[in-house]
Amino acid sequence: MFTDSEMDRVFAALSHTSRREMLDHLRDKPGQSVGELAAKFDVTRIAVMNHLKVLEDAQLVISEKEGRSRHLYLNAVPIQAIYERWTDTFSAHWLDRMSLIKAVAEASAPKTRKDPDA
């Protein structure tokens with residue numbers, strides 16, 4: 001479970017278009033180096049590094065150092081935690097309602113007898 005302050009960091013990180021685009025690139029090609037990712041943006045490498053710091057602080061990006069380069073990976077766990085916070089209860093309610101509708105429909109449906117010779 002994520003704390004409110006951790007969720008605040010996720011929302012803040014996702015609020016910027018460039019950071020969302022970075023996450024899209026990492027989703028599509030995991031393990032990119034910082035240089036590979038920076039080449040896709042028309043900003044300085046320092047600006048990309050600043051955005052990556054925000055994404056890492058929000059736990060949305062995992063960085064692994066290999067030699068002199070860093071490889072970047074999307075971590076969707078914080079987004080999933082936010083999703084579940086608001087949808088699990090809602091989904092459980094509607095699953096219960098759908099089960100009830102199914103039971104009522106089945107109970108009121110005319111019973112048909114299958115012909116064993118068919």
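The following exercises, each with a worked solution, concern a predicted model.

Residues are numbered from 1 along each chain as its sequence is written. In this predicted model, local features need pLDDT of at least 70 and side-chain atom pairs count only at pLDDT 80 or more, whereas totals for chains, interfaces and linings use all residues, and side-chain values use heavy atoms, with hydrogens and water left out.

**Exercise 1.** Identify the buried residues of helix 1 and state how they are arranged about its axis.

*Solution.* Helices (H or I, at least four residues) and strands (E, at least two) are DSSP runs, numbered from the N terminus. Buried means under 20% relative accessible area, exposed over 50%, and partly exposed in between (1.4 Å probe, protein chains only). On this basis, helix 1, residues 4-14, has Met-7, Val-10 and Ala-13 as its buried residues. Viewed down the helix axis, these residues fall within an arc of 120 degrees, so they line one face of helix 1. The arc is taken from the directions from the helix axis to the C-beta atoms.

**Exercise 2.** Describe the salt-bridge network that includes Arg-27.

*Solution.* A salt bridge is a side-chain nitrogen of Lys or Arg within 4 Å of a carboxyl oxygen of Asp or Glu. The whole structure contains seven salt bridges. In one of them, Arg-27 meets Asp-24 at 3.3 Å, N to O. Both residues belong to helix 2 (residues 17-28) and stand three residues apart, about one turn of the helix. Arg-27 also forms a salt bridge with Asp-28, with the closest N and O atoms 2.9 Å apart. As to accessibility, Arg-27 is partly exposed at 48%, Asp-24 is partly exposed at 36%, and Asp-28 is exposed at 57%.

**Exercise 3.** Locate the partners of the salt bridge between Glu-56 and Arg-70.

*Solution.* The side chains of Glu-56 and Arg-70 meet at 2.5 Å, N to O. This pair links distant parts of the chain, 14 residues apart: Glu-56 lies in helix 4 (residues 45-57) and Arg-70 in strand 3 (residues 69-74). Glu-56 is partly exposed at 28%, and Arg-70 is partly exposed at 22%.

**Exercise 4.** Characterise the largest nonpolar core.

*Solution.* A nonpolar core is a set of buried Ala, Val, Leu, Ile, Met, Phe, Trp, Tyr and Cys residues joined through side-chain atoms within 4.5 Å. The largest has 20 residues, and those with the most contacts inside it are Met-22, Leu-37, Leu-52, Leu-55, Leu-60 and Leu-72. At least two residues of this core come from each of helix 1, helix 2, helix 3 (34-38), helix 4 and helix 5 (77-108).
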